[in-house]
Amino acid sequence: MRRLLQRLKNHSRPAYFSLWFLLVFYFVSFFADILAPYHFDQQFRNKPYHPPTKIHFFDSGGNFHIRPFVYNTVIDDPVFKTYKQDYSKIYPLKFFVSGKERRIFFFFKTKRYLFGVDQPAGIFLFGTDNYGRDIFSRLLYGGRISLSISLIGVFISFSLGMITGGIAGYFGGIIDQILMRLVEILMVFPSFYLMLSLRAMFPLNLSSIQVYLLIVMILSLIGWAGLARIIRGMVLSIKEEDYVLAARSLGLPHWKILLFHIFPNTFSYSITAITISVPGYIIGEAALSLLGLGIQEPYPSWGNILSSTIGNLRVLGDAPWLLLAGIFIFVVLINFNLLGDALRNVLDPKNW
Amino acid sequence: MCLTQKTGEMEQILEVKNLSVLRVEKTESISILNDINFMVKKGEMFCLVGESGSGKTTLALSIIKLLPKSFKIASGEILINGKNILEINEQSMRNIRGKDISIIFQDPSAYLDPLFTIGSHLQESYHGKNENKKELISLALQEVGLDSEVQTVYPHQLSGGQQQRVMIAMALINKPSIIIADEPTTALDVLTTRQVIDLLNAIRLKHNPAIFFITHDLELAMKTGTRIGIMYRGHIVEIFKPGREKPSHPYANILLGTIEGKDTILELNFKKNTMDSKQMQQKCPFFDMCVEKEARCKKTIPFVWCDSETGIRCLKNGRNTQV
């Protein structure tokens, strides 16, 4: 593993950086319960469309404070949602503040968060939305859903694709015909409409965890068909390779040949395909949420944070921080693509 | 003194009787191997010599029952340790492959999985479930003259000769009764060829497996083989012992002429041999090009054993008195 990392580093610095960047992203959203200053549904009703909070070191008198602080803000213009700072009192930034109990993945409970400020002031690093919810916290919680959907979805669809494609390609004949025709039927449908109609089969009033699982299933059911076809093609060519003949001449059973000789040799493609398809899941989830069919409010996902801006043109001018979810998606996609490209080269022993 | 088919000796590891293989195409089937008869005995190095396309590799693949799907064994028997492998199922064939028969291929770089280390190749080829697997692997590597440390490297990090040694170690590790070597030296240079041949010979003398050595290099075969089979267009035309006797089939003579520096090859009328497979079964396969052909060659010519080890498929030859 360490050697692999070293190779990745030597091969491509940007990709190595991407890997760490993504790991940090996953880590941060995994521990959103500790890292986010507010819970995702905590509302500041008197602070909708609040711009990102200014963090100060110097107070109005020009005195330096070693601990950064914020001022409370009050609404200035209720129509255009402009705020002015109340310089009468400073609210220093506190670390490991205690607050309402949150559960980390149903098991651990935490009362302390990484940072926060006392009420009534608020620290909104990326501003707030129309309900006065902290966008930063929502992005962290939303990342948990968006990023994990992509991982689980990729896992399911790649297992399906590899198994179907592998069996079809390796055994050929009637098995190949049946499996590939099935795959083609699935591919005939435009994926977006298939996604919508699959979602429409289920009621709208599902609980959030059910919706989550449903979306994972829908996305992975759509993603595997194309992969199965490509894997089948690769297996068709790899099974004619001499080392497969050699493995058969050693008396290995079919499943061992398929598992140890043929699949690993498709990895140069499939690892890249995995990393490049992860963005597809994030976008797919975003698209469903954008249409209101995905993760429902108040649960955040990057898609539905973005969708709250839909049909609301003034956001672009007055509260552009609401579009940050899009930038998060974009950044994650770029990093996955960079990483996938480099991994293909790094995983091939011939390049070592 | 010639005898027809002599069979039933205990020391025969591999025996092929009347084997015919067809390549089935959409409209017709083409005969690839025709009435092949030979046996390989324990501890001997049987060399099979023939030009490209004469069916050497097809023969090797039929012996381990790994012919491509378009090939079909039309008739005949292949006995390994007295067991007809054409009658047993795939499952029991798997137990024979690698264990009783091992095969070494032509181009080792293509036959080693690029994603597998040498160590995992060897582990994979070992059939038993022994605890001292690791020792056996290092022992096998030692035997082919490789360091035990080579286990951690990948095939592309080795030279062609080293890769071929790995293949030999893989073939050797189960102590098979016969090793099929399908042109193992073709991709190697002269010196490495020599080393690989010496290695195979050393193994043959030490562990006493039969080696079925396929090559297109008659000179090499004459030096190393205990017996040589000459193959021409899907037929074994002659089996002889180098050193003891000279081959007598016209085709074998031409081959021999090339290494002795004779110009016979230039005297020959090397027009394109136009016989198709049906015609070939009806007359001597070498008929069109033979300088000594006669009218009676225009019929099927059987392979005739002269003694228990040598035989010929030609009417002109003095030894072939039967027909």
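**View 1. The interface of domain 1 and domain 2 of chain A.** Across the interface of domain 1 of chain A and domain 2 of chain A the rule finds zero salt bridges, a salt bridge being a side-chain nitrogen of Lys or Arg within 4 Å of a carboxyl oxygen of Asp or Glu. The model is predicted, so that local features need pLDDT of at least 70 and side-chain atom pairs count only at pLDDT 80 or more, whereas totals for chains, interfaces and linings use all residues. Residues are numbered from 1 along each chain as its sequence is written, chains are lettered from A and ligands numbered from 1 in the order in which they are written, and side-chain values use heavy atoms, with hydrogens and water left out. Two residue pairs, both at pLDDT 80 or more, are in polar contact between domain 1 of chain A and domain 2 of chain A (a pair of N or O atoms within 3.5 Å; within protein, one must be able to donate a hydrogen and the other to accept it, and residues adjacent in sequence count only if both atoms are side-chain atoms). The two domains bury about 1000 Å² between them, 58% of it on carbon and sulfur atoms, where buried area is the accessible area (1.4 Å probe) that two parts lose on being put together, summed over both.

**View 2. The division of chain A into two domains.** Domain 1 spans 49-133 and domain 2 spans 141-351 of chain A, with bounds that come from an automatic or database domain assignment. The contact (heavy atoms within 4.5 Å) takes 14 residues from domain 1 of chain A and 12 residues from domain 2 of chain A. The C-alpha centres of these domains lie 39 Å apart.

**View 3. The interface of chain A and chain B.** In this interface, 20 residues of chain A are in contact with 24 residues of chain B. The area buried between chain A and chain B is about 2100 Å², and carbon and sulfur atoms give 63% of that area. Zero salt bridges are found by the rule across this interface, while four residue pairs, both residues at pLDDT 80 or more, are in polar contact between the chains. On the side of chain A that touches chain B, the elements giving two or more residues are α8 (242-249) and α9 (254-290) of chain A, helices here being DSSP runs of H or I with at least four residues, and strands runs of E with at least two, numbered from the N terminus. The largest share of that side, six residues, comes from α8(A).
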